[in-house]
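This report walks through a structure for a reader who meets it here for the first time. Please look at the sequence and the model before reading on.

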Amino acid sequence: MTATKVPRNFRLLEELERGEHGVGQGSISYGLADGDDVTLSKWNGTILGPINTVFENRIYTVQLYCGDKYPDDPPAVRFVSKINLTCVDKHTGRVDPTKFHLLKSWDRNQRIENILLALRREMAAPYNRKLPQPAEGTFF
Amino acid sequence: MSSLSGLPRRIIKETEKLLQDPVPGISAVPHEDNARYFNVIIQGPDSSPYEGGTFKLELFLPDDYPMAPPKVRFLTKIFHPNIDRLGRICLDILKDKWSPALQIRTVLLSIQALLSAPNPDDPLNNEAADLWKKDERRAIETAREYIRLYASE
């Protein structure tokens, strides 16, 4: 049995439509960085910091770059908002794929939405939730 | 042609017909590694605003085709009231008017017809639709300018 492989562009168009309708009860959002980008490569995401963590009430901006091999290969992900998180490079904001399980064990059924939700769960993880954080509104 | 294994007979038949007996002004060729994914080229129809343009599109037959319609998108930028900035197409047979009796061929013919008959009353691209209603001559000039910039070969 060979499953039908949805090509990159149609997969990303599906994701775009889903993003436009809103997901995760407003805890995350995402869309194309540039509404004219027919290559569907650059995306912006936002994550609302989870309650009862140091991230609470802050909104974090994330950039995702979906290359030609997406979704076979994961997107490159980086925080634009400054954040102190174990899987994020302190200088560049890049999410380190070796330290973030979803990128590490990526498969083509994963989506932008899952990445943002998993990053939000990371914020709430015991080893992250109380880390000292840079001032709000600062950027990498 | 291992990519053809497991492919429904209907899709194989349609593909053969498209390759052997193509529609004038339209070509559709499946990707080597995905027989449900087609590279499409549509020539702008004569005496339409899109005459002389060569438009690239992509077409995908989802799992539930032909119960569900093909997915189609323009890859070439185009100024058209029923095609948005990402190349998505507003066409009833791609949505609620789809019937399994329709085919890839009929879909591509309908898109070609849409180029001959832009419909600003059912817009997907509001900027193009507004201009079409306000100043059709200037709208057509803009469509031609897009062709010069993006759709000339």
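What percentage of the 153 residues of chain B count as buried? The share is 48%, where buried means under 20% relative accessible area, with exposed set at over 50% and partly exposed in between (1.4 Å probe, protein chains only).

## Basis of the model

This is a predicted model, in which local features need pLDDT of at least 70 and side-chain atom pairs count only at pLDDT 80 or more, while totals for chains, interfaces and linings use all residues. Residues are numbered from 1 along each chain as its sequence is written, chains are lettered from A and ligands numbered from 1 in the order in which they are written, and side-chain values use heavy atoms, with hydrogens and water left out.

## Chain A

Chain A contains three helices and four strands, where helices (H or I, at least four residues) and strands (E, at least two) are DSSP runs numbered from the N terminus. Starting at the N terminus, the order of these elements is α-β-β-β-β-α-α.

The C-alpha trace of chain A spans about 45 × 30 × 30 Å along its principal axes. For 140 residues a compact globule would have a radius of gyration near 14 Å, and the 15 Å of chain A agrees with this; the radius is taken over C-alpha atoms, and the globule rule is 2.2 Å times the number of residues to the power 0.38. Of the 140 residues in chain A, 45% are buried.

## Chain B

Chain B has four helices and four strands, and along the sequence they follow the pattern α-β-β-β-β-α-α-α. Its C-alpha atoms fill a box of roughly 50 × 35 × 25 Å, taken along the principal axes. With 153 residues, a compact globule would have a radius of gyration near 15 Å, with which the 16 Å of chain B agrees.

## Two helices of chain B

Helix H3 (residues 126-134) and helix H4 (residues 136-150) of chain B have axes that come within 5 Å and cross at roughly 135 degrees, the axes being lines fitted to C-alpha atoms over the stretch in contact, with angles running from 0 to 180 degrees between N-to-C directions. H3(B) and H4(B) are therefore oblique to each other, since angles under 35 degrees count as roughly parallel, over 145 as roughly antiparallel, 65 to 115 as roughly perpendicular and the rest as oblique.

Contact means heavy atoms within 4.5 Å, and the residues that make it include Leu131(B) and Trp132(B) of H3(B) and Ala139(B) and Ile140(B) of H4(B).
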